[in-house]
Amino acid sequence: VTIRNLFRYKKRFWMTAVGIAGCTALIVTGFGLRDSILDIMDIQYDELYGYQAQVALENHYDESELQEVLDQLEGDSRVERFLLCEQNSATLEGASRSIDGYFTVVEDPDQVPEGYGFVTLRTRLDHQPVPLADDGAVLTEKAAELLDVGVGDTITITSGDLRGQVTVTGIAENYIQHYVYLTQEGYRQAFGEE
């Protein structure tokens with residue numbers, strides 16, 4: 001009866017054909033989006049981020065509490081190595097626009113370059129390492145595009161009561177969130193404190 005009605009009423013036939021084509025297009029689009037997102041996640045968490053866990057400390061801790069955590073990490077056979085860093089949410093401002101992101105201050109910048117295992121700072125197209133220097137900051141690629149800044153330009157970082165300016169010394173590949181990476185010396189120069 002359905003087939004007879006489809007061929008008997010031309011309007012129903014075309015409505016059915018368009019409906020089936022639309023549903024098929026939605027299914028194909030869904031699979032395409034899934035594959036695209038999973039590919040990006042694989043690059044971000046397999047190639048750019050090499051760590052398996054983060055341990056976050058409360059803002060107010062003293063040296064003895066920090067030493068206790070470090071002793072625990074060093075004594076645990078499951079921990080191959082670790083990197084101390086400070087990470088805060090921030091507003092990143094360029095000349096004409098601001099975006100929300102994070103700034104990360106790394107204790108030992110020699111542990112960050114490509115291949116070491118924590119965070120790989122590299123260019124997207126040719127995978128060349130992006131060095132983390134004391135005289136500026138490394139900005140992630142999408143943040144640089146949104147802020148319309150390049151290497152040598154200055155951005156302003158605002159986080160709570162902190163406000164400082166840094167020069168962009170490198171632009172690194174990244175797909176999830178927006179980040180600015182600083183050394184301890186770069187942080188001191190930008191914010192005037194330890």
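Mentor: Strands here are DSSP runs of E with at least two residues, numbered from the N terminus. The model is predicted.

Trainee: Ok. Which strand does Thr104 lie in?

Mentor: Thr104 belongs to strand S2, which covers residues 98-106.

Trainee: Is Thr104 buried or exposed?

Mentor: Buried, because its relative accessible area is 5% and the cut-off for buried is under 20%.

Trainee: And what does the Thr104 side chain have a polar contact with?

Mentor: The side chain of Gln87, at 3.1 Å. Gln87 is also among the residues that Thr104 touches, as are Cys85, Glu86 and Tyr181, leaving aside residues up to four places away in sequence.

Trainee: Zooming out, how many strands are in the barrel, and in what order do they run?

Mentor: Six, in a closed barrel with the order S1-S2-S6-S3-S5-S4 and mixed pairing. From one strand to the next, the twist averages 45°.

Trainee: Mixed how? Do S1 and S4 run parallel or antiparallel?

Mentor: Antiparallel: S1 (residues 85-93) and S4 (residues 154-159) are joined by three bridges. Leu92 has Ile157 of S4 opposite it.

Trainee: What about S3 and S5, parallel or antiparallel?

Mentor: Parallel, with four bridges between S3 (residues 137-140) and S5 (residues 162-172). One partner of note is Ile171 in S5, which bridges to Leu139.

Trainee: How many bridges pair S4 and S5?

Mentor: Six, in the antiparallel sense. Ser159 sits opposite Leu162 of S5.

Trainee: Which residue in that hairpin takes a positive phi?

Mentor: Gly160, with phi near 60°; the hairpin of S4 and S5 has two residues between the strands.

Conventions: Residues are numbered from 1 along each chain as its sequence is written. This is a predicted model: local features need pLDDT of at least 70, side-chain atom pairs count only at pLDDT 80 or more; totals for chains, interfaces and linings use all residues. Side-chain values use heavy atoms; hydrogens and water are left out. Buried means under 20% relative accessible area, exposed over 50%, partly exposed in between (1.4 Å probe, protein chains only). A polar contact is a pair of N or O atoms within 3.5 Å; within protein, one must be able to donate a hydrogen and the other to accept it, and residues adjacent in sequence count only if both atoms are side-chain atoms. Contact means heavy atoms within 4.5 Å. Two strands pair if DSSP finds at least two bridges between them. Axes are lines fitted to C-alpha atoms, for helices over the stretch in contact, and angles run from 0 to 180 degrees between N-to-C directions.
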